Amino acid sequence: MTAPRRIAWAGPWNARSAIAAFGGLVVAELAARGHEVEVFRTETGELLDLPPRPAPGPVSPLAGAPPETLARDYDAFVVNLGDHYGHHGAAIPVLLRTPALLVFHDAFLANLFNGWIVAGGGGAAAGPALSAVYGAGETPDPFLLPLEEMAARRPMLEWFAALAGGAVAHANHYARRLRSVCPGPVEVIPLAFGGGAAVPPPREVGPEVVVATIGHINRNKRVADMLRAMADSEPLRERVRYRLIGPVEPAERAALGDLARSLGVPEPEFTGWVDDADMPRHLAAVDVMCCLRNPVLEGASASLILAMRSGRPVLVSDHGPYAEVPDGLVLKCRPGHEATDVRLHLEALLADPAPARATAEQARAYAEETFTAGRYVDGLLAHIDRVTEHLPAVRAAMDLGRTLAGFGMPPDDPAGRRVADALDDLLDRRG
Amino acid sequence: MKVLVLSTMVPFVRGGAEELCDHLVRNLRLRRGVEAEAMRIPFTWDPAEGLVEEMLIARSLGIFNVDRLIPLKFPAYLAPHPNKVLWLLHQYRQAYDLFDAGQSNIGTDARGDALRAMIRTADDRAFREARRIFTLSPTGADRLRRYNGFGAEILPQPLNDPELFPGGEAGGYVLASGRVGLGKRQHLLVRAMRHAPGLRLVVAGPPDRPEDADDLRRLAAEEGVEDRLTLDLRFLPRADLARLVNGATAVAYLPFDEDSVGYVTMEAFHAGKPVLTTSDAGGVLEIVRDGETGVVCEPTPEALGAALSALAAEPARAARLGRDARALLASRGITWPATIEKLLA
Amino acid sequence: MKIGLVSSAVPLIGGGGRFIVDWLREKLEEHGHQVETVYVPSNEIVPEAILPQMAAFRMMRLQDYFERVVTFRPPSHVVRHPRKVVWFIHHIRVFYDLWDTPYRPVPDRATQRALRAAIIRADTAALREAHRVFTNSRVVGDRLRRFNGVDSEVLYPPVLRPELFASGDHGDEIVCVCRVEGHKRQHLLVEAMRHTRTPVRLRLCGVGTSAEYVRSLRRAAAEGGVADRVVVEDRWITEEEKAARLEHALAAAYVPFDEDSYGFPTIEAAHARRCTVTVPDSGGVTEFVQDGVTGLVAEPEPRALAEAFDRLHSDRALARRLGANAAERVSELGIDWGAVVGKLLA
């Protein structure tokens, strides 16, 4: 379809990172289509010592690649960003010098940014960075705030987007925010997901129904809402068993146990950390998947895709990427009213499992068709063309913007608009 | 060494800074192993809002094939170069002392504050980048320290044509050279003549405005000193001016609070002539010291008259002051070769 | 009229791009105009810095000062002025005709092709808005049409003072006056001297940026045993000196690689009624030099050039005839300042 491209693909490249697993899938698809892909690892510290995933081309640390080379010697420079300094930290210094096509896996990147401050790379930049994007009142001391407040006030997504030559979002909910600051084109491409290949089909719903939340168990997963739903409903208390599949801090585990006891519901079952190979076995005994999230920090949700592909009914909070699943495919719960809505959905399911079963089957088909590497690469290659076309102008605007910032000019200064207009006029991009 | 002198221009306007720029390049080229040229980028400061673009233009210049950049003015000194030595003729004073004095095109509103902050930030960065900073006068250095917190060495402008001022026999007249106008107070000298009987005075230089020439002529008639006063009010060719300086008994120069020593003083001292000036003359007083290299008195006709009489009555003393003046000037070493030496160090 | 001559320049690099500006200024002033020359330091060394530099030119405020602006070296043509006359002397060639050559400064990648496209688009827009567009040669005019789709008129730059050049007897010397640089290929001329059979002499005059290249020329002359017949004057010579050298020359030689214009050396020689020896791959030079008419066009290799030198040395009548033709060709083409000033101010 298109001429072979030489692509620099930057991101984590180890067995632990889900983003690396996504990268493996996409890079393999690109290579299968004849493109030449070089992987540049963005891990820092000991994560960089983890063995690399297999790749169809060379793999080397991003920190060792000269930024000019990345900008000049490839047809595209793609950088994957997630909210984890250990996996993505090496990308930051490069992004400050070279506009890349940024793939935003998360809508919240404050931990990544904070890691950079802690590592000593961006301490001096933090103050100006915050006030530049989030207003003069934002100071970096302390940088990290409680999670909800942080997500509302300084999610740092915008700070990274302003450095990008173009951006990919994996869902619509944060694309608008990217568009408001990213100087290059922004495109929404549904996440490619290849995990959970061999989840056994759901079993018939029996007297006992197992609901499972998968992943790192923390407040964001709204375990308490599930427990409250059970507390409020006799059928749920009697028939639902709640299983938490994934690592949990002892304190969190104890707190959840206390809560269950005080609500008079059975304590949730904790499996602890489960590795990929064991996951299908654990999922075999699950009837309903619970993907409640609040606040939404992720771009798209791999857990949601995994859940839909398992063919089991899925409970979600009705916002962020979860709200973007077409109506009728998942069991949506109003944010803030999760406990109530979970109860209603589960009571209906216990009364008559057939409709939920049919819905889950539709969701499975939808997920398998939508979240594929093939569709992802189609979208990515087309987007790369658009981003590339705009890149010289974006780069020039960034250069001039950096010079103006060097004068201490705030980003919303009217002179900045005039200079941007002069550049558009020069490049014949008006109108 | 390849040297680029970078300055600004207002098309079709030439002044002292342009002269200095030309002489600097000429003198750079005289030095062995130095290639030099000057470039001047257009600069428009009105409306003040456009200063942002002016700064951006300077900062975006691509300077290549140059071992040393010598910028002279705002915003040329913002141009990026790893080996930048500033000879600071002009900051944008309307963002600094002239703003404080209420003489600025920058508003006193929030926007004005923002513009001044940007100028200040850009300036500070350029000053930090510079290997060395020189100013023409202590006043310029003080301003730089006060507003930007940077120190500077003082590198006054040397005499461009010292060979024209070897000195000569005292011809029995006092010369008032330089621009003619209220600021230079030639009128005080004319008034002083009635207190200095027999003194001959020559006023030679271009009037700032035609009225300044007329005023001086009218004053001479009123004071009844026309027979002892020569008014040569025009831009004199350098050789004509030099002849007048070389033949004078002394030179009178009365600017008010001047920034620098002034060309008039340097020309006189080089020719071995003492300078008569006033206690409020500013930078001139750096080298004109009463009873050592000249005479310093109060800015009144009476005091000036007495001083003029004394100089005329004692030519031997005037000659001695003149010799010491020449020696002092020489000891300051303000010559083009020494200046170039510093700029290229 | 108040006229601004605006050009980019690399500091301390002289040559044709500067002459055309400086000489035009002198002539415009002779015609009674007020002229200010604006040289802005700029370079294309860092490809990514080209667009910001172009933007700087675009932001310059010139309109209030000048009734007319004439632009020369890129990217000066992007300045804004309602009466902008572009005298286009070359593109940033590595992004144009030299893209598919080893001179391309960047890899042939999509990102770099996009930069090239952006530069071309900006150039085109700036040229289209100009009041008039002139070029210094047909070659450059052809490139403007091919890459930018812009029509232009050729306006050959005259030399500063044609009257300085006189014609005396034809001596033994082939004279080459231009910057001493690898791409001007003086080494071909020195090597040619080894193969000459007549006592023809060679004189190279001009400054260079590479001391090594100058040394290599002297070395080649010594090794070839022709040092006594080759003079290398590696310094800036005055117009008067130039005229004196051409006055009694046998002919001129000018063999640059793919020059944009016919080159001032060719025209200066013609004013002195001297023909020019050149080579087919010299670019614009062959617009002026026609083999056997206004000069000799030899293959760019030493033996062929030696043959041309010998031919002129042994046939002075030929040297005289070709020289006379060259002089006539200059006046035919209207290469004179009166015509140039008239067109630029039309």
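1. Before going on, a word on what you're looking at. This is a predicted model, in which local features need pLDDT of at least 70 and side-chain atom pairs count only at pLDDT 80 or more, while totals for chains, interfaces and linings use all residues. Residues are numbered from 1 along each chain as its sequence is written, with chains lettered from A and ligands numbered from 1 in the order in which they are written.

2. Back to chain B. Its C-alpha atoms fill a box of roughly 65 × 50 × 35 Å along the principal axes. If you take the contacts in chain B between residues at least 6 apart in sequence, 67% join residues at least 24 apart. A contact here means that two C-beta atoms, placed from the backbone, lie within 7 Å.

3. Now chain A, with 19 helices and 13 strands. A compact globule of 431 residues would have a radius of gyration near 22 Å, and the 23 Å of chain A agrees with that. The C-alpha trace of chain A spans about 70 × 50 × 45 Å along its principal axes, and buried residues make up 49% of the chain. For contacts in chain A with a separation of 6 or more, 71% are between residues 24 or more positions apart.

4. Chain A is split into domain 1 (6-192 + 373-426) and domain 2 (209-370); such bounds come from an automatic or database domain assignment. The C-alpha centres of these two domains of chain A lie 32 Å apart. Where they meet, 18 residues of domain 1 are in contact with 12 residues of domain 2. The domain 1 side of that meeting has 10 nonpolar, four polar and four charged residues. The classes work like this: Ala, Val, Leu, Ile, Met, Phe, Trp, Tyr, Cys and Pro are nonpolar, Asp, Glu, Lys and Arg are charged, and the others, Gly among them, are polar.

5. UniProt has an unreviewed entry for chain A that lists "domain: Glycosyl transferase family" at residues 207-364. That span of chain A is 46% helix and 17% strand, with its end C-alpha atoms 24 Å apart. In chain C, the UniProt annotation "domain: Glycosyl transferase family", again from an unreviewed entry, covers residues 173-328. Those residues of chain C come out at 44% helix and 15% strand, and the end C-alpha atoms are 22 Å apart. Bear in mind that UniProt positions are given in the numbering used here, feature names are shortened, and annotations may be inferred rather than shown by experiment.

6. Chain C also has two assigned domains, domain 1 (2-155) and domain 2 (162-332), with C-alpha centres 29 Å apart. Their contact takes 10 residues from domain 1 and nine residues from domain 2. On the domain 1 side, α1 (16-30) and α4 (138-148) of chain C each give two or more residues, and α4(C) gives the most, with three.

7. How do the chains touch? Between chains C and B, the contact takes 26 residues from chain C and 21 residues from chain B. On the chain C side, β2(C) brings the largest share, six residues, and the side divides into 18 nonpolar, five polar and three charged. Between chains B and A, 11 residues of chain B are in contact with nine residues of chain A. There, α2 (51-59) and α4 (110-129) of chain B each supply at least two residues of the chain B side.

8. Last, the interior. A nonpolar core is a set of buried Ala, Val, Leu, Ile, Met, Phe, Trp, Tyr and Cys residues joined through C-beta atoms within 7 Å. The largest one has 304 residues, of which A:V78, A:V314 and C:I174 touch the most other members. Helix α18 (residues 373-406) of chain A gives the most to this core, with 14 residues. A second, separate core of 55 residues includes B:V202, B:L216, B:A252 and B:L254.

Technical notes
Helices (H or I, at least four residues) and strands (E, at least two) are DSSP runs, numbered from the N terminus. A residue is buried if 20 or more other C-beta atoms lie within 10 Å of its own, exposed if 12 or fewer, and partly exposed in between; C-beta atoms are placed from the backbone. The radius of gyration is taken over C-alpha atoms; the globule rule is 2.2 Å times the number of residues to the power 0.38.
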